[in-house]
Protein chains: 2
Amino acid sequence: MSESITIINGGITAPKGFQAAGLRAGIKPGKTNKDMAMIVSEVPCAAAGVFTRNLVKAAPVQWDAKMLEEYGVAQAVVVNSGIANACTGSDGYENVKKTAEAVAAELAIQPEQVMVMSTGVIGQPLPMEVLLKGVKALRGALSSEEQAAHDAAEAIMTTDTHPKEIALEFQIKGKTARIAGICKGSGMIHPNMGTMLSVITTDVMISKELLKASLKEFVEDTFNMVSVDGDTSTNDTVILMANGLAENDILTTEDGDFEVFRTALKQVMTFLAQNIAADGEGATRLLEATVIHASDKKQAKILAKSIITSNLTKAAVFGTDANWGRILCAMGYSGAEFDPNQVKIQISSEVGTLTLVEGGMATDYDEELATKILSPQKVIVTADVNGGEATATAWGCDLTYDYVKINADYRS
Amino acid sequence: MSESITIINGGITAPKGFQAAGLRAGIKPGKTNKDMAMIVSEVPCAAAGVFTRNLVKAAPVQWDAKMLEEYGVAQAVVVNSGIANACTGSDGYENVKKTAEAVAAELAIQPEQVMVMSTGVIGQPLPMEVLLKGVKALRGALSSEEQAAHDAAEAIMTTDTHPKEIALEFQIKGKTARIAGICKGSGMIHPNMGTMLSVITTDVMISKELLKASLKEFVEDTFNMVSVDGDTSTNDTVILMANGLAENDILTTEDGDFEVFRTALKQVMTFLAQNIAADGEGATRLLEATVIHASDKKQAKILAKSIITSNLTKAAVFGTDANWGRILCAMGYSGAEFDPNQVKIQISSEVGTLTLVEGGMATDYDEELATKILSPQKVIVTADVNGGEATATAWGCDLTYDYVKINADYRS
């Protein structure tokens, strides 16, 4: 089925009826960095969101969650990447409301249909005058051109080294439909509090219920399986908007066409999640860990995440050091249940595949070959726990001098 | 009560009837590093142990846990700091048994009373010939002199930058008694797998039950509240031996004298735990986090540990950056329950104390003063969550370039 899904050029505006803009309003320090983005649909969208599990939730997260819970409809997203508007009390929430109202007034829509996202400095008030000017400028810059989509992808970045965007095309109920996504990640930097923000647009017509269920399910398998430094920000937000302009018969049941949509959505989210991991702060390599034959999905996820979260594994990957002991050790303290004596561990990359551990003990592998396999930009660890049928994959990155530098020396 | 407890010179042999030795047997690479230690009591000791929770348990951990469970008596501890003897299968366990038998033969005691500890390379077989020669040499070097105790403390080190030892004197039931401890920590290094190992000796006469309960309780508050890099090794072991040679009336109930012993034991374990954190791999600073007014002890511990475990907090401390947002954020994603709007955060050190957050929002604090407070070797974060009466303290260290260097570049 996935053969019928093709990657196309263009970003967040590839699906019909979406416009975007990204520009510098002047919220971030510096003179040239873009710091505000807007994504707008011609018509109201069925919408779903998933938000940070951090108990400390930024004001915009509170707003978006409330609006989606009450209405499940959105037509615009506005983002600033300079100030997080977290730990800002009731004034902070008031400023989100004012932002939504300003966007709504510009677009002649309801404030309740405006999703607000922020990332950046925590604890500081938003410079509302600058921000509201930015809203006006964004309104003027809105366009469905590829460049506008790219500007939006760029404007939501903080310490990301490059924008992250993807667009797919596929057939639903005989109609051509599209889905596209952008995101930013990178880690958390002082005084900025970096964040995972993502907007996904599609012109598929689909019920709110299916939209919400699909997003939730795949967030678990994609964004929630990524770790750059183990820290969960106050602002993490994913918003998925479906405007129905592909004019397909609406998806309301779990049929084959819904499966096509699901496959495309998962592909978008997996791409974005992998790219967040690969572009982690200071990262030089993407580390993918897949656990197979676990007793259940939960155990598989715990194991995969423990491998990519371990500072020791991460530092070993940076050093291209096939330290299977650290991998097995990280699995051992993860809290998941498995028999260490049944574990098989392989590493692989474009260079080749090598079995490091068999039956819980080291094989007589070639250290030089192991180092070669660990050298490309993407390296994969596969841990077979021989205890069942469940599988999970997690994505992380190596731990480097630059991670420490970025996070310790920010002000210097 | 604790006024009657005084720190004295000497190490693990300060309590009556204990001898120690530390020397180079030749297990570690290099030519001069000590790599084996022995600690022996003249008479059998009531003994208790606490071991790694990692599902992957090294062979010596399996041996010690089994022997203490079955007998609760020990008379000697033998340590090698070159090879972990983890992931070595049944041969590994057989080698532990052989080691215990060799020690027992040298000392004319039972193998079941010999505790074996290892740390170092994972997955490699022990060089038994070298190790058994080491056992003989240790037997010859045993002494109750301070230098012998120091040699033992040094011989258990891996990447520790200095030995960690303490001895205390106090009165129990009208008799002068002593307790002493050594430990190693530092982190986990490839191909060595560093480990927390600790031996605590006392001449107090005490029942096995009280000994076991006290050790278990305080491990929770001390060693288990330390994190260098969040990784739990396969070999972590703490052994507490009480030989009764202070000749006090045996402690069997929870009376005032037992409280004195408990206070002394906790002081030893707290000292060792703090020193493990302060000497973490690459660390330049000890970070102590105390959470007060939590709803219960469990929540307090989760919060305190989350603060000292966060890579972002750790990197901020390295950069002497008063990044309160990261502290609050780490509390928020810890899973503990609290009201972020009630949180007060202070930092302190020998330089002074500063309130960064009040009611969940930043105070108008002096950034320069904050940097000064964060500069000494020990910095304290106090988070008041205003939700109850429980308190907990955790110890960590900063995340530095050297941590990455030690763990990535080991072979170069």
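**Close-up views of helix packing and strand pairing**

The crossing of H5(B) and H6(B) is right-handed. The structure shown in these views is a predicted model.

**View 1. Helices H5 and H6 of chain B pack against each other at roughly 40°.** Helix H5 covers residues 208–221 of chain B and helix H6 covers residues 256–278 of chain B, and their axes come within 10 Å. The two helices, H5(B) and H6(B), are therefore oblique to each other. From H5(B), the contact takes in Leu210(B), Ser214(B) and Phe218(B). From H6(B), Phe258(B), Arg262(B), Leu265(B), Lys266(B) and Met269(B) take part. Sorted by class, the contact of H5(B) with H6(B) has five nonpolar residues, one polar residue and two charged residues.

**View 2. Helices H1 and H2 of chain A pack at an angle of about 55°.** Helix H1 spans residues 59–70 of chain A, helix H2 spans residues 89–107 of chain A, and the axes are 8 Å apart. H1(A) and H2(A) are therefore oblique to each other. H1(A) passes H2(A) in a crossing that is right-handed. On the H1(A) side, the contact residues are Ala59(A), Pro60(A), Gln62(A) and Trp63(A). These meet Gly92(A), Tyr93(A), Asn95(A), Val96(A), Lys97(A) and Ala100(A) of H2(A). Six residues of the contact between H1(A) and H2(A) are nonpolar, three are polar and one is charged.

**View 3. Strand E3 of chain A is largely enclosed by the rest of the structure, because 12 of its 16 residues are buried.** E3(A) runs over residues 36–51. Strand E2 (residues 18–23) of chain A pairs with E3(A) in the antiparallel sense over six bridges. In this pairing, Ala20(A) stands opposite Ile39(A) of E3(A). Strand E4 (residues 73–80) of chain A is joined to E3(A) by seven bridges, and the two run antiparallel. Val40(A) has Ala76(A) in E4(A) as its bridge partner. Strand E11 (residues 237–242) of chain A is also antiparallel to E3(A), with six bridges between them. Here Phe51(A) stands opposite Thr237(A) in E11(A).

**View 4. Six strands of chain A form an open sheet with mixed pairing.** The strand order is E15-E14-E13-E16-E12-E17. Strand E15 (361–362) and strand E17 (390–397) of chain A are at the edges; each has a single partner strand, so one side of each is left without a neighbour in the sheet. E15(A) is joined to strand E14 (residues 352–358) of chain A by two bridges, and these strands run antiparallel. The bridge partner of Val357(A) is Ala362(A) in E15(A). Helix H7 (residues 297–309) of chain A lies across strand E12 (286–294), strand E16 (378–384) and E17 of chain A. H7 runs at about 20° to E17(A).

**View 5. An open sheet of six strands in chain B has mixed pairing.** Its strands follow the order E15-E14-E13-E16-E12-E17. At the edges stand strand E15 (361–362) and strand E17 (390–397) of chain B, each with a single partner strand, so one side of each is left without a neighbour in the sheet. Strand E14 (residues 352–358) of chain B runs antiparallel to E15(B), and two bridges join them. Glu358(B) has Met361(B) in E15(B) as its bridge partner. Lying across strand E12 (286–294), strand E16 (378–384) and E17 of chain B is helix H7 (residues 297–309) of chain B. The helix runs at about 20° to E17(B).

**View 6. Strand E7 of chain B is largely enclosed by the rest of the structure, because seven of its nine residues are buried.** E7(B) is formed by residues 164–172. Strand E1 (residues 6–8) of chain B pairs with E7(B) in the antiparallel sense over three bridges. Ala167(B) in E7(B) is the bridge partner of Ile8(B). E7(B) also pairs with strand E8 (residues 175–184) of chain B, in the antiparallel sense and over nine bridges. In this pairing, Ile166(B) has Gly181(B) in E8(B) as its bridge partner. E7(B) and E8(B) form a hairpin with two residues between them. Lys173(B) lies in the turn and has a positive phi of about 50°.

How values were computed
Residues numbered from 1 in each chain as written. Chains lettered and ligands numbered in written order. Predicted model: local features only at pLDDT ≥ 70, side-chain atom pairs only at ≥ 80, totals over all residues. Axes fitted to C-alpha atoms, helices over the stretch in contact; angles between N-to-C directions. Helix = DSSP H or I, 4+ residues; strand = E, 2+ residues; numbered from the N terminus. Parallel < 35°, antiparallel > 145°, perpendicular 65-115°, else oblique. Left-handed = near helix turned anticlockwise from the far one by under 90°. Contact = placed C-beta atoms within 7 Å. Nonpolar A, V, L, I, M, F, W, Y, C, P; charged D, E, K, R; others polar. Pairing = 2+ DSSP bridges. Buried ≥ 20, exposed ≤ 12 C-beta atoms within 10 Å, placed from the backbone.
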